[in-house]
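Reader: I would like to go through this model one point at a time. Please give the cut-offs as the terms come up.

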Amino acid sequence: MHMYDLITRKKHGAALTDEEIAFMIDGYVKGEIPDYQMSAMLMAIWFSGMTDRETAELTQVMARSGDQIDLSAISGRTVDKHSTGGVGDKTTLIACPIVAACGGKIAKMSGRGLGHTGGTVDKLAAIPGYRTELTREEFFHTVETCGISLIGQSGNLAPADKKLYALRDVTATVDSIPLIASSIMSKKLAAGASAILLDVKTGSGAFMKTQEDAIRLAQTMVAIGEAAGRRTVALITDMDVPLGCGIGNSIEVRESVDVLRGQGPADLREVSLALAADMLYLIGKGTPEACREMAERAIEDGSALRTLCRMVRAQGGDARVLTGELAFQQAPFSREVRAPRDGFITQMDAEAIGEVSVVLGAGRETKESVIDSAAGILLHRKYGERVQAGESLATLYTSRQETLAEAERRYSAAIHIGTAAPAPRPLIFARVEKDQITRFGGEEA
Ligand code: URA
């Protein structure tokens, strides 16, 4: 078999066989297929696409390329969640403790921030002392004793995806549905949970800018999960506007705790509860309505917050920053971004706002960048709200004073102020399961 022939076939739109996909991925991981040939193949896939069978096979081969976590030793049903990435998306820190407090088991490996989108591991690392790396024994023990453990991705989880993702990143081939679906699902399958809830974001801050593309990505991932014997469902949720009011690592942990205390922004609470309720439903905890009630009760009776605190202590973290006994370290510099005129916020460019948080130090500009966990943005006015000239739209926080001027300029450019109130936007557009799409439109931010 020759890579040249496979590239030629894919260039002309042919479907690769299972053997050809295995040959190509194994050869690439071993270094026998060079980057330049794999780059050509990725671009051919970008243009020609892949059939469902090819995408499922690519996923399986990548999932098998490294460690595959066997969670069968954990008592009870395990459930995982995955967000395709957003700005201010801290739902894992809310939905997962809720599910664990209701009896679900969460053994979850989370990623670092990617570009303008934040990562759960970076948020957890903002908690003093919290260990995002555990041994297998510690990981399993924490899940058994706390119902939940959130750690960073093991270095050897789907190494084929790691190598391919790095190449896609520099060859303009990230935004391909079969490549995104196989990349995400290879890691989810290797991580071992029996059920998977996907949160596919759509809008200005998401990979998928349109709802229809988000639904196509969701259908592809759901089909892969179900074919691999995992109960898999996706919610299509809004990422045209940042979720909640906090962006940045310790700011987002604080806001998650607010929601777990029954406070916090309504949009964040709603999306987190919808995710938690669906995760409970997927592992058979009751009807959708009963699962929703169960999730709400876990906030009201404080059990979800206690579960989060227990996990944080078990992983060496100082839970006093969650209980309010200790404050997170404050950023030394801040600046208000003020409204230039009266009106209504008619548009927020979520991707541009995520980039502002990176400028402030909350994300990585290069792989080696060190995160400033106190840096970030607190939004005071969001989409649809009335603003008055001179009032603060947001506060920017950083440890690097020299970033403030550029961050202020970019934040102002990301906000559009119009004269009339815009139409309300739904938070959750659709639910995608095997053979069924349910569309919603009623929920309002
Ligand atoms: N996240 C991933 O893990 N892979 C992609 O391709 C895109 C987002």
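Author: S357 has its place in helix α16, where helices (H or I, at least four residues) and strands (E, at least two) are DSSP runs numbered from the N terminus. This is a predicted model, in which local features need pLDDT of at least 70 and side-chain atom pairs count only at pLDDT 80 or more, while totals for chains, interfaces and linings use all residues. Residues are numbered from 1 along each chain as its sequence is written, and side-chain values use heavy atoms, with hydrogens and water left out.

Reader: Is S357 buried or exposed?

Author: Buried means under 20% relative accessible area, exposed over 50%, and partly exposed in between (1.4 Å probe, protein chains only). S357 has a relative accessible area of 6%, so the residue is buried.

Reader: Which residues does S357 touch, not counting those up to four places away in sequence?

Author: Contact means heavy atoms within 4.5 Å. With residues up to four places away in sequence left out, S357 touches I247, A362, G363 and I377.

Reader: How many residues of α16 are buried?

Author: The buried residues of α16 include A350, G354 and V358. Their cover includes β6 (246-247), β8 (343-348), β9 (376-379), β11 (392-398), α17 and β12 (415-418). The helix α16 is largely enclosed by the rest of the structure, because the buried count is nine of the 11 residues.

Reader: How is α16 oriented relative to α17?

Author: Axes are lines fitted to C-alpha atoms, for helices over the stretch in contact, and angles run from 0 to 180 degrees between N-to-C directions. The axes of α16 (residues 350-360) and α17 (residues 404-414) come within 9 Å and cross at roughly 175°. Angles under 35 degrees count as roughly parallel, over 145 as roughly antiparallel, 65 to 115 as roughly perpendicular and the rest as oblique. The relation of α16 to α17 is therefore roughly antiparallel.

Reader: Are F139 and F140 buried or exposed?

Author: F139 and F140 form an edge-to-face aromatic pair, 6.1 Å centre to centre with 70° between the planes. Both F139 and F140 are buried.

Reader: At what distance from the ring centre does R136 lie over the face of F140?

Author: A charge sits over a ring if NZ of Lys or CZ of Arg is within 6 Å of the ring centre and within 35 degrees of the ring normal. R136 lies over the face of F140, and its distance from the ring centre is 4.2 Å.

Notes
Phe/Tyr/Trp six-rings, centres within 6.5 Å; stacked < 30°, edge-to-face > 60°.
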